[in-house]
Amino acid sequence: MTGVLPSQTLETMLQQGEITLSEPLVDGQIQPASLDLRLGHVAYRVRASFLSGHGNTVADRLSEFEMHRIDLDGGAVLEKGCVYVVPLLEGLALPQDVSAVANAKSSTGRLDLLTRTITDGGEEFDRIKPGYTGPLYAEICPRSFSVLVRPGMRLNQIRFRTGQAVLSDQELSALHAESPLVDGEAVIEDGLGFSVDLQLPGTDLVGYRAKPHTGVIDLDRIGEYDPQDYWEEVRTTKGRIILDPGAFYILVSREAVHIPPAYAAEMAPYLAMVGEFRVHYAGFFDPGFGHASVGGAGSRGVLEVRCHEAPFVLEHGQVVGRLVYERMAEVPQQLYGAGIASNYQGQGLKLSKHFKQPQSS
């Protein structure tokens, strides 16, 4: 089998000990094309972000960079602007033909909660080489909001694959002709282009900007926080906004995306030098996201945008990211949005699940 491994294969990997668990699996942890990773019981506050590097373990590097340890049992606050390393409850003993890539979950990214996976001997964030055997750690850096976390919380996820299954532009064009991937013209170059929508129908509300001084967000509290306490509304009637350096924005794609059941996708930053900003987090899109087979009619991609050194004018329709499609090794037995807790099926401009949904624009 070549491609992204589906939910039923992940169950087999768990049974065979290729994915190891410090504590029993919980309901909903296996997703259609990924496995949610859980925080362990201690966080290490470190002086700086790091990679372990060839021949080193994360534990070795923690002995160099650790400032203090925080017991997460009972809940603990991870403070904005600080860097933490948390051992995860999952580990790996991968076969030599299986590699993995990790990523922040959607709700994690929408809180500007930088969460990356590191491994023993790792020379890249979130990329795990074939045959890796050892523990997994989450590096967590809250950038806009301080957060309250507990053991077992699922901030990031991991996707496994065998071989090379990324679709070429020609293959992607053929798939779009057979089963439309976006509503409208597809811009295909090193993946499917993603542009920003700054002319939403019936409203001048086009996004949200994180407020600089806010309270703590308890990640277990769903739908309880007032958006006005944490976000400023971004409004325009001109189809453009100016991004401020250092600010974090939630915007939405112009395209409504479809992921057919036999494919998975990952959002990646746009590679061209288009300005002083980037779409902050790459993200996994599961088989079935926005697809008619599970009741979808296309789902917008939420864009997590951070501006860098200079103010930048962002225009309606500007390409800001791309979706890279991959084949699944098999169609998952469970698709996104079909009877599982899928918070963002059919989404438009939407904050993370922790916030009350606005009554109107």
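Student: Which residues are linked with D36 in a network of salt bridges?

Tutor: In this predicted model, the side chains of R154 and D36 meet in a salt bridge, with an N to O distance of 3.0 Å. That pair links distant parts of the chain, since R154 belongs to strand 13 and D36 to strand 3, 118 residues apart. The network of salt bridges that holds D36 also includes K105 and R154.

Student: Is D36 buried or exposed?

Tutor: The cut-off for a buried residue is a relative accessible area under 20%. R154, the partner of D36 in the salt bridge, has a relative accessible area of 27% and is therefore partly exposed. D36 has a relative accessibility of 0%, so the residue counts as buried.

Student: How many residues apart are D244 and R209?

Tutor: D244 forms a salt bridge with R209, and the closest N and O atoms of the two are 2.2 Å apart. D244 lies in the loop between strand 18 and strand 19, whereas R209 lies in strand 15, so that the pair links distant parts of the chain. Both are partly exposed, D244 at 30% relative accessibility and R209 at 23%.

Student: Why do the buried residues of helix 2 lie on the same side of the helix?

Tutor: Helix 2 spans residues 58–65, and its buried residues are V58, R61, L62 and F65. As a general point, an α-helix has 3.6 residues a turn, so residues three or four places apart point the same way.

Student: Which residue in strand 7 is the bridge partner of R45?

Tutor: Strand 4, of whose five residues four are buried, pairs with strand 5 in the antiparallel sense over five bridges. Strand 4 is also joined to strand 7 by three bridges, and these two strands run antiparallel. Both strand 4 and strand 7 are among the elements that cover the buried residues of helix 2. Within strand 7, the bridge partner of R45 is Y84.

Student: Which residue in strand 16 stands opposite V147?

Tutor: Three strands form an open sheet with mixed pairing, in the order 6-12-16. Strand 6 and strand 16 are its edge strands, each pairing on one side only. Strand 12, residues 147–149, pairs with strand 16 in the parallel sense over two bridges. The residue of strand 16 that stands opposite V147 is I217.

Methods. Residues are numbered from 1 along each chain as its sequence is written. This is a predicted model: local features need pLDDT of at least 70, side-chain atom pairs count only at pLDDT 80 or more; totals for chains, interfaces and linings use all residues. Side-chain values use heavy atoms; hydrogens and water are left out. Two strands pair if DSSP finds at least two bridges between them. Buried means under 20% relative accessible area, exposed over 50%, partly exposed in between (1.4 Å probe, protein chains only). Contact means heavy atoms within 4.5 Å. A salt bridge is a side-chain nitrogen of Lys or Arg within 4 Å of a carboxyl oxygen of Asp or Glu.
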